[in-house]
Amino acid sequence: MADLDSLVGVLKAAGEGTRLRLLTLLAEGDHTVKDLTEILRQSQPRVSRHLKLLADAGLVERNAEGAWAYYGLAQRGPASELARWLIKRVDRNDPELQRDRERQVAVRETQQRQAAEYFAKVAGSWDLLRSLHVPESAVEAAITAELSGRDVDLMVDLGTGTGRMLEVLSQTYRRGLGIDSSREMLAVARAKLAGAGIAHAQVRLGDITDLDMVTAQADVVVLHQVLHYFDDPGRTLAQARRLLKPGGEMLVVDFAPHELEFLRTEHAHRRLGLSQAQMEGWAEAVGLTVASYKEFPSANGEAGLTVCLWRLADAGSGKAAKE
């Protein structure tokens, strides 16, 4: 802490029963005020006041999504460290906390049911796309291998969708942040992360072509099956580059060039795949280099899609040597 007054202020904010309950709940993942009023069985104004005090003290973060806002534990800073220290010392068998946890489970189950209903509506098109290319498990294994041995404090997943990359790579990073422009997809992602017990990843509503709202510097940025939705993938890559700290890396997964025109007319694909030459040009323009490249051909041959995995490294870093 910077000074004694700051420390006393944080301790005062945390040192109240309801606020300590809130910190314990938010350690398990993000919640809206509505969620927390249902769990705590307290009024919305009362819960909002407690959250404001916690946010002002730097113990929790507020992230607006239209008319709603999600609250979660602060991810960095001395107040965040103190919050986690306190939570570890809370008796998990306390009857009041047990009741909170039971109601939290009920809220999560409702959210997961709603997410499943939405996902069922779009699953048909997703199943069709999956049938056109290599099983995702092979690509996911390769992505995980790319991060093996790397110290990843923060990973940012742009166009996170249902949060699959945050889920698959959860053992490789200390903090994860997913950004997507679809509230429906984020609802699915939150439900999946909560169901998997992944509390060190959060998702946020945002436009990945305009990332001014993201100030964190990432060790790794992931763009998984995202760039083909944009007319100018190079511009999107340049936006993503701004999030990388010096020496950071970017993992890009997308399709190789193909001629399946129906993906453009029926599934909103703007680019029918990305070539190695294009990726090298876009990377060079923003100070990155293609450090490694892998292809995963479809079992359907020319009738299917080839998935590509690029690892882009900081061109000024010693890690940029090509494999």
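**Close-up views of a predicted model**

**Figure 1. Helix H3 is mostly covered, with six of its eight residues buried.** The model shown here and in the other views is predicted. H3 spans residues 33–40. Its buried residues are Val33, Asp35, Leu36, Thr37, Ile39 and Leu40. An α-helix has 3.6 residues a turn, so residues three or four places apart point the same way. Directly after H3 comes Arg41, which has a positive phi, near 60°.

**Figure 2. Helices H3 and H4 pack against each other at an angle of about 110°.** H4 is made up of residues 44–56, and its axis runs 9 Å from that of H3. Angles of 65 to 115 degrees count as roughly perpendicular, and the two helices are therefore described as roughly perpendicular to each other. Their crossing is right-handed. On the H3 side, the residues that meet H4 are Val33, Leu36, Thr37 and Leu40. On the H4 side, Gln44, Val47, Ser48 and Leu51 take part. Sorted by class, this contact comprises five nonpolar and three polar residues, and no charged ones. The H3 residues in this contact, Val33, Leu36, Thr37 and Leu40, are also listed among the buried residues of H3.

Figure 3. Is Thr18 buried or exposed? Its relative accessible area is 6%; buried means under 20%, so Thr18 is buried. With residues up to four places away in sequence left out, Thr18 touches Leu40, Gln42, Arg46 and His50. One of these partners, Leu40, belongs to the H3 residues that meet H4. Leu40 is also one of the buried residues of H3.

**Figure 4. Leu97 is a buried residue of helix H6.** H6 consists of residues 95–131. The relative accessibility of Leu97 is 10%, and because the cut-off for buried is under 20%, Leu97 counts as buried. Which residues does Leu97 contact, leaving aside its neighbours within four places in sequence? They are Arg21, Val90 and Asp91. Leu97 and Leu20 are 77 residues apart along the chain, and 9.9 Å separates their C-alpha atoms.

Definitions and conventions: Residues are numbered from 1 along each chain as its sequence is written. This is a predicted model: local features need pLDDT of at least 70, side-chain atom pairs count only at pLDDT 80 or more; totals for chains, interfaces and linings use all residues. Side-chain values use heavy atoms; hydrogens and water are left out. Buried means under 20% relative accessible area, exposed over 50%, partly exposed in between (1.4 Å probe, protein chains only). Contact means heavy atoms within 4.5 Å. Axes are lines fitted to C-alpha atoms, for helices over the stretch in contact, and angles run from 0 to 180 degrees between N-to-C directions. Helices (H or I, at least four residues) and strands (E, at least two) are DSSP runs, numbered from the N terminus. Angles under 35 degrees count as roughly parallel, over 145 as roughly antiparallel, 65 to 115 as roughly perpendicular and the rest as oblique. A crossing is left-handed if the near helix is turned anticlockwise from the far one by less than a right angle, and right-handed if clockwise. Ala, Val, Leu, Ile, Met, Phe, Trp, Tyr, Cys and Pro count as nonpolar, Asp, Glu, Lys and Arg as charged, and the others, Gly among them, as polar.
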